[in-house]
Amino acid sequence: MANQPTKYRKFVVGAASAALVASAVAPVAFAAEFTDVKDNNSHKAAIGALSDAGVISGYPDGTFQPNKTLTRSDVAKLMGKWLIAQGYKVPTDYKTNPRFTDLTSKSNDELLQMAALVKDNGVFNGNDGKLLPADNITRENMAVVLVRALNTLNDFDLVAYVKEQDWKKDVTDLNKAKAEARPAIDVLDFFDITNPAAPAFNPKNTTTRGQFASFLYKAAETNYDEVKAKETAIESVKATNAKTITITFNQAVETEKAKVELLRGTFKQNVTLKWSDDKKSVELIGAGNYQAADYTVNVTGLSDKALTGTVKVEAVKIASIEILDEVAVVNKDLVNGVFPTDTTATVGYMVKDQYGTDITKNTNLTTNDNSNIGAKDGVVTIGEKVVAGKKLNDLVPVVLIDTKSGLSTTKTLKLSATPTVSDISVTGIFNAKGEEVALNDKTNASDAFIVVDLKDQYGKVITDVDKAKGLVVTNTNEENLLLKKNSDEKTEIVTQTIGNATKLVIKIEKIKKAGETDLILISTTNGKSANYTVKVAETETTDAITVGQPEVAVKNEETLIPVTVTDKNGNVITDLNLLSNKDKGIKIGGKNVEKANLVVKDGQVFYKETFTTEGTQALVFQTATYKVATLTVNVKAEAKPVAVRGLKKPLVLKAGGKETIDFGKVNVEDQYGRTMEKLTDGYTIAVKGITADDKKVVTVVGNEITAGPKNGTATITIFLTTKDDKDAVKEVANSAVEQQVRVTDGKEYKSYEVKDLGLLHAEKAADEVAGTLKGENKITVSGVLADGGKVELDGTADYVATTNVTGVSVENGKLIVDQKNIKQIFTVDNKEVAEREVKVTFTINNDGSKVEHTYKISNTPAKVQDFFFTATQADKSYSAAKAITEATVITGGTIANLVSGETKDKVHVATSNQYGTKKVEDIKASTVTIVPEKVTDVKITSNGTTGAKVSLANDVKEATVTFKVTIDGVTKDIKVKVTPQ
């Protein structure tokens, strides 16, 4: 398709749209019933097909009204019914969770259903969270909605595809459409869904019922399958060993459709096919070694034409010969210091071909003494005429020769009677308890051991690690499984208690992914070998993926992109550890997704991306099984303030009072209609608009408003300012809003309100709570006006407060606890109590009203009620702290040495106590208990105390433990990785 010079014009019903257009084959029955749809109506076939499919219907009077303008709610319903026709289901929570802010549970039930369906599937995103159901839909918005639906149904980004094509556009007024709608209009143009004979699209015009029927019908009639497929090609064909030819493709292919044949000249070869897990390559395995010749591969079923490739296979030839040990082991004990008659010695050897394949058993070698030294099937045997009469450690030269190639190897061997590996077998895979283990990709590698059974040349079982050194272990597939290696990077044999017995084992370093790996174990002394296949079963892994459009994407803002990932059984995956797993998770742009870039909200996974440039951005998502989803995001310009939308609460001033209007007191919207959380640099809030009459009520200097002595209201104008190119301050056009300021002398309050302070600490330190001094707590009493406006009263001038507890008073608007009388205050009926209720009576000076409020005070020491671990520093606010569940510590570390695994910042705790105090602080634990994941991996000292320490055991490079931290009786866990540095 990429070379297609003109537009795509092939209209064939695709599987996804068959239900909708099935009726298009025959004349439509319902269309004839619509009295206003005549035979000459260009939309008749489309109306009939949609009517038969149940997507659209007429009116009770028998009309269809094809010229009636569609509203946004009409289109939401139509698109929802189209999705249902393709098998999509209405969300069960459509009524309890309306998807748009201007819909409620009492809205039209059908509209609620369809709105939920189109919103959840990324078809209808709304405007600032609103559906705006009564608004007419423009043709450009209709194009956007329709293309989103096509992308959803086809699981393919048509916008990105069309953008890459070289074609001639028919639409002549594309420049009149808004930028975000132009790519969608291009899609309709490319596929001739819009009428090429009418080149003007008229993007700003409204859409009629008849027009929309034709758009939807033609969109459903188009076959997108042909453009979705990337053209498959053969990247390479090569011989990977003497009996295997490997074909590699440029992408994963549908293996069930592929027909592969191998030809030598015109003769077809019998081969067995073995496809790779990623379906990007296939091995053609012959019954035996391939003859030396030129071969041709033909692959059909993957594209319109056969894919071909050639490879030249060379005859197998010896590339290397190796004697595997420095010693030759004899089969008899010394007699009088020499080896007796009939004593022979053996050592192993290996021959490899040009592909690195072991061909030892198919190779005939000669030696430097064919009469007394033989080489066969990987074993060099030195005869009695050479060995008999020699002493321990005497030297014997051995030369192995391939007469065909002329290759040879020489080694001088030392005769040894030391027991060494002669017989090899693998018992199986077991845990330390002696239970057999079936490996899967979630098995903890440190809990599984490959148990080997070794015997020496005398038939005795070997349990000594040093005697097992005459064993070479080869792992054929490190993509699946890593074995524990020593400092020389050789797989090591170690001892391990399995059940109640000491066994020789091979440790598993890491299970990387599901699959099979063959272990080859070879004795270096006699060449005997054993093969063992390790199978790793697959558990959960990412398989299919769909992505939706974010609600909005703005430059330099965090954008949440909805991502739905399922496993091979169709189950939705929300486990962020799995989604970010290197081998089983998802990738974006070929790179693994970091866990920090994923979040789950209400069961939906979102990918977090901050776009630093505006315009069209493309993201390519990929699962572990190489399935791909592409998303094109239109990133809007960076947000800036454009309008003040009013005060956050009514502005009521007490006569003579003052108020400064700043950003914190007003709502400011950006160009996208969103309330801003902070004001962009370069912008300020300003106030103006006081008339001559208003000045009797308030005066304004800068942003400060001062109330006059009398009751009344005044109008102020609040607006935004910025600076022009010459650094002169200017008003932002159309940003102003008028607001009322009310002044009251305090004699028109309808009621009074007292703010509750929760449980108060009578002896709280000054730095524990903002605004609290020793034993003092700020009281807030407000006068409430008829319109709901509130004015905070002055604790000195506006009321008199009395309490019912001696030693507790109200002074200057603060609750004062006399520290000298603490014991008396908390003694009732000669009994000491932990809490007291203090009733305060407020007498209002203006009108003599009395208001009562009861406060609770306590002299109990502050105790942590809840906490969580955080990498946020202790000088930061509680609200800024983010919880962590995993940390890292260097061997020998305590709770004080924990650092965040991601940021390496010191771990703190965010605590809250019974008095509502919340803060981030150093960990002040009552006790720390360390629980190891594997007991033998670590050493723990002072466990159960604040000084609990964990260290790695000898030869252990990494371990995992759990720190159980108790603070004031509250216990929380954190998973900790112990590292050497």
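Reader: Why does N812 count as exposed?

Author: This is a predicted model, and every value given here is computed from it. The relative accessibility of N812 is 61%. Exposed means over 50%, so N812 counts as exposed. The residue lies in the loop between β49 (808–811) and β50 (814–817).

Reader: What is the phi of N812?

Author: Phi of N812 is near 50 degrees, a positive value in a residue other than glycine. For context, most residues other than glycine have a negative phi.

Reader: Where does D727 lie, and why is D727 called buried or exposed?

Author: D727 belongs to the loop between β40 (712–723) and β41 (729–731). Its relative accessible area is 54%; the cut-off for exposed is over 50%, and D727 is therefore exposed. D727 is not a glycine, yet its phi is positive, at about 70 degrees.

Reader: What makes N913 count as buried?

Author: N913 has 13% relative accessibility. Buried means under 20%, so N913 counts as buried. This residue is placed in strand β58 (residues 908–913). A polar atom of its side chain lies 3.1 Å from the backbone nitrogen of T917.

Reader: How far apart are N913 and D866 in sequence and in space?

Author: In sequence, N913 and D866 are 47 residues apart, while in space the separation is 7.0 Å, C-alpha to C-alpha.

Reader: Why is α6 described as roughly perpendicular to α8?

Author: The axes of helix α6 (residues 139–154) and helix α8 (residues 182–190) come within 8 Å and cross at roughly 75 degrees. Angles of 65 to 115 degrees count as roughly perpendicular, so α6 is roughly perpendicular to α8.

Reader: Which residues make the contact of α6 with α8?

Author: On α6 they are E140, A143, V144, L146 and V147, and on α8 they are A184, I185, V187 and L188. By class, the residues of this contact comprise 8 nonpolar, no polar and 1 charged.

Reader: What makes β35 and β38 edge strands?

Author: The open sheet concerned has 3 strands in the order β35-β39-β38, with antiparallel pairing. β35 (658–660) and β38 (698–701) each have a single partner strand, so one side of each is left without a neighbour in the sheet. On average, neighbouring strands here are turned by 20 degrees against each other, direction ignored.

Reader: How do you know that β35 and β39 pair?

Author: Two strands pair if there are at least two bridges between them. β35 is joined to strand β39 (residues 704–707) by 3 bridges, and the two run antiparallel. As one example, E659 has I705 of β39 as its bridge partner.

Reader: How many bridges join β53 to β54?

Author: There are 9 bridges between β53 and strand β54 (residues 850–858), which run antiparallel; F842 stands opposite V851 in β54. Their hairpin has 5 residues between the strands, and G848 takes a positive phi near 75 degrees there. Strand β53 (residues 835–844) also pairs with strand β48 (residues 799–803), in the antiparallel sense over 5 bridges.

Note on methods
Residues are numbered from 1 along each chain as its sequence is written. This is a predicted model: local features need pLDDT of at least 70, side-chain atom pairs count only at pLDDT 80 or more; totals for chains, interfaces and linings use all residues. Side-chain values use heavy atoms; hydrogens and water are left out. Axes are lines fitted to C-alpha atoms, for helices over the stretch in contact, and angles run from 0 to 180 degrees between N-to-C directions. Helices (H or I, at least four residues) and strands (E, at least two) are DSSP runs, numbered from the N terminus. Angles under 35 degrees count as roughly parallel, over 145 as roughly antiparallel, 65 to 115 as roughly perpendicular and the rest as oblique. Contact means heavy atoms within 4.5 Å. Ala, Val, Leu, Ile, Met, Phe, Trp, Tyr, Cys and Pro count as nonpolar, Asp, Glu, Lys and Arg as charged, and the others, Gly among them, as polar. Buried means under 20% relative accessible area, exposed over 50%, partly exposed in between (1.4 Å probe, protein chains only). A polar contact is a pair of N or O atoms within 3.5 Å; within protein, one must be able to donate a hydrogen and the other to accept it, and residues adjacent in sequence count only if both atoms are side-chain atoms.
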